[in-house]
2 protein chains.
Amino acid sequence: MSFAKRDDEKEPKSTVETIQTEILQRICFLDYQPGYQLKEAELAAEFCVSRTPVRDAISRINHLGLVETRNGVGTVVVALSAAQIRHVYDMRLELAKLIGTESPREITRNDCERGQDLLNAAHALLLDFDPRRYVEINHHLHGLIADLIGNSVLQSFWWQTYYQAASTWYQVSLQMGAEVAQALVAELEDINRALEHGDITAIGFIQRTHIGYGYQRINLHLLSPEAK
Amino acid sequence: MSFAKRDDEKEPKSTVETIQTEILQRICFLDYQPGYQLKEAELAAEFCVSRTPVRDAISRINHLGLVETRNGVGTVVVALSAAQIRHVYDMRLELAKLIGTESPREITRNDCERGQDLLNAAHALLLDFDPRRYVEINHHLHGLIADLIGNSVLQSFWWQTYYQAASTWYQVSLQMGAEVAQALVAELEDINRALEHGDITAIGFIQRTHIGYGYQRINLHLLSPEAK
DNA sequence: AATGCGTAAGCTGCATGCAGCTAGCGAGTC
DNA sequence: GACTCGCTAGCTGCATGCAGCTTACGCATT
């Protein structure tokens with residue numbers, strides 16, 4: 001099981017993996033919005049490589065369903081339908097319940113420190129909100145929790161649904177602004193409490209709760225934007 | 001969500017997808033056993049294409065964790081550890097429970113007929129057992145059930161765990177012989193009953209039950225072969 | 001002015017050649 | 001005889017060129 005990608009792991013990643021992660025982040029952070037056309041030659045020039053590794057990276061992202069490549073046309077970032085977003089969130093709700101049960105690993109002192117760092121960063125966000133920073137903190141929080149999952153298959157699935165859902169978060173944060181920061185602080189406080197107690201099962205349920213909240217926000221601000 | 005692969009869909013598949021499916025089946029059917037070294041040039045010659053599409057196909061299979069590519073060495077079929085097999089089965093047990101709940105589609109007359117065909121094929125297997133035929137029927141049964149899943153993310157995950165577990169089934173069928181055919185007949189009888197009643201939730205639980213039986217067989221015959 | 005067609009530009013899919021890496025074998029040395 | 005070093009065969013990673021497909025623009029016709 002090797003597809004649980006992390007962007008802060010220490011070992012040097014291959015060229016293709018680097019490009020893949022970069023493109024993925026640009027999609028999640030909405031640098032590439034739905035409908036944007038990725039051109040292999042363009043990306044190849046930017047990363048100073050040939051089209052071959054770029055093609056490879058895009059081909060892998062295809063598996064997540066975030067882009068669609070058509071011959072003679074190009075690779076476009078897909079706009080997930082309301083039904084697909086619901087499917088992703090339904091699965092995340094179910095997967096969250098399994099985090100605590102599927103052979104988790106022990107919580108270490110290091111985990112607690114990472115949680116505290118993230119909480120501090122979230123507090124800073126309350127004073128000076130920045131959508132990109134918000135998504136970055138979310139990203140690190142996801143990495144922290146994914147690391148606790150012992151079942152490698154579940155870990156992989158958890159990452160896959162994360163990437164599929166991430167861009168919607170960013171859209172919401174653009175519309176709601178600092179409001180989402182408060183929700184993030186609340187989530188991190190809950191999670192830090194659970195980390196201190198070494199209670200992974202609780203972390204799963206906390207995640208499940210806040211995923212539910214997040215989906216409510218998406219329903220209000222994306223799928224029914226007239227209610228804004 | 002485009003990675004729910006089927007080998008019997010009607011639309012013409014691209015070269016890369018064809019090669020990918022073929023290699024995947026060879027791994028699942030143990031034509032390529034763990035440790036076998038896939039050579040791009042060799043496969044390219046066999047499929048009468050260049051190394052490029054073969055590389056692409058192998059790269060995609062990498063996501064399933066079934067092969068591992070190392071520079072200068074080659075691509076070898078990995079042997080899943082006992083822990084990984086357990087992880088896959090644990091996840092399949094959980095996913096099976098969701099089949100009936102995550103927005104399934106309606107059961108049609110066609111589904112029932114496909115189920116009957118498979119049952120007949122399984123009955124034939126009782127008289128003249130053939131391990132490959134056994135796996136093929138299992139494969140079609142999986143396709144039938146995966147088609148009933150309405151949640152595209154769950155459908156994708158269901159296929160992913162299927163490919164990760166399939167090769168272990170084949171190993172067991174080689175050791176147990178006709179015995180597994182009886183289990184397959186029993187499973188298909190249960191599933192056909194549920195199909196006739198249009199009860200998808202039941203199908204999920206039936207799958208869950210028989211996945212449990214399958215894991216027991218694997219524990220007996222693969223992970224503790226001395227108990228044979 | 002509207003419509004149909006042809007053509008060209010731009011993109012992806014694939015083939016091929018070369019560079020870099022790895023492993024294994026054999027010669028040389030202690 | 002055992003061990004070490006170097007070389008070579010074979011593989012993957014990447015660059016580049018060409019063919020095929022798609023789209024859009026412009027021109028001619030009605």
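In this predicted model, A:Cys28 has a relative accessibility of 3%, and because buried means under 20%, this cysteine counts as buried. B:Cys48, by contrast, has a relative accessible area of 70%, so it counts as exposed, the cut-off for that class being over 50%. A disulfide is a covalent bond between the sulfur atoms of two cysteines. Over all chains, the structure holds 0 disulfides.

Turning to the layout of chain A, the chain is divided into two parts, with domain 1 covering residues 15–77 and domain 2 covering residues 82–227. The contact between them takes 9 residues from domain 1 of chain A and 12 residues from domain 2 of chain A. Taken over C-alpha atoms, the centres of these two domains of chain A are separated by 25 Å.

A further feature to look for is the second largest pocket, whose volume is about 280 Å³. This pocket is lined by 21 residues, and those closest to its centre are B:Asn138, B:Trp169, B:Glu187, B:His210 and B:Ile211. Several helices of chain B take part in the lining, for helix H4 (82–99), helix H6 (131–148), helix H7 (152–176), helix H8 (179–197) and helix H9 (200–223) each supply at least two of its residues. Among the contributors to the lining of the second largest pocket, H9(B) gives the most, with 6 residues. Sorted by class, the lining of this pocket has 13 nonpolar residues, together with 5 polar and 3 charged ones.

Technical notes. Residues are numbered from 1 along each chain as its sequence is written. Chains are lettered from A and ligands numbered from 1 in the order in which they are written. This is a predicted model: local features need pLDDT of at least 70, side-chain atom pairs count only at pLDDT 80 or more; totals for chains, interfaces and linings use all residues. Side-chain values use heavy atoms; hydrogens and water are left out. On a 1 Å grid over the protein atoms alone, a cavity is a set of points where a 1.4 Å probe fits but cannot get out, and a pocket is an open set with protein on both sides within 12 Å along at least five of seven lines; lining residues have an atom within 4 Å of a point. Grid points are joined across faces, edges and corners, and a volume is the space filled by probe spheres set on the points. Helices (H or I, at least four residues) and strands (E, at least two) are DSSP runs, numbered from the N terminus. Ala, Val, Leu, Ile, Met, Phe, Trp, Tyr, Cys and Pro count as nonpolar, Asp, Glu, Lys and Arg as charged, and the others, Gly among them, as polar. A disulfide is a pair of cysteine sulfur atoms within 2.5 Å. Buried means under 20% relative accessible area, exposed over 50%, partly exposed in between (1.4 Å probe, protein chains only). Domain bounds come from an automatic or database domain assignment. Contact means heavy atoms within 4.5 Å.
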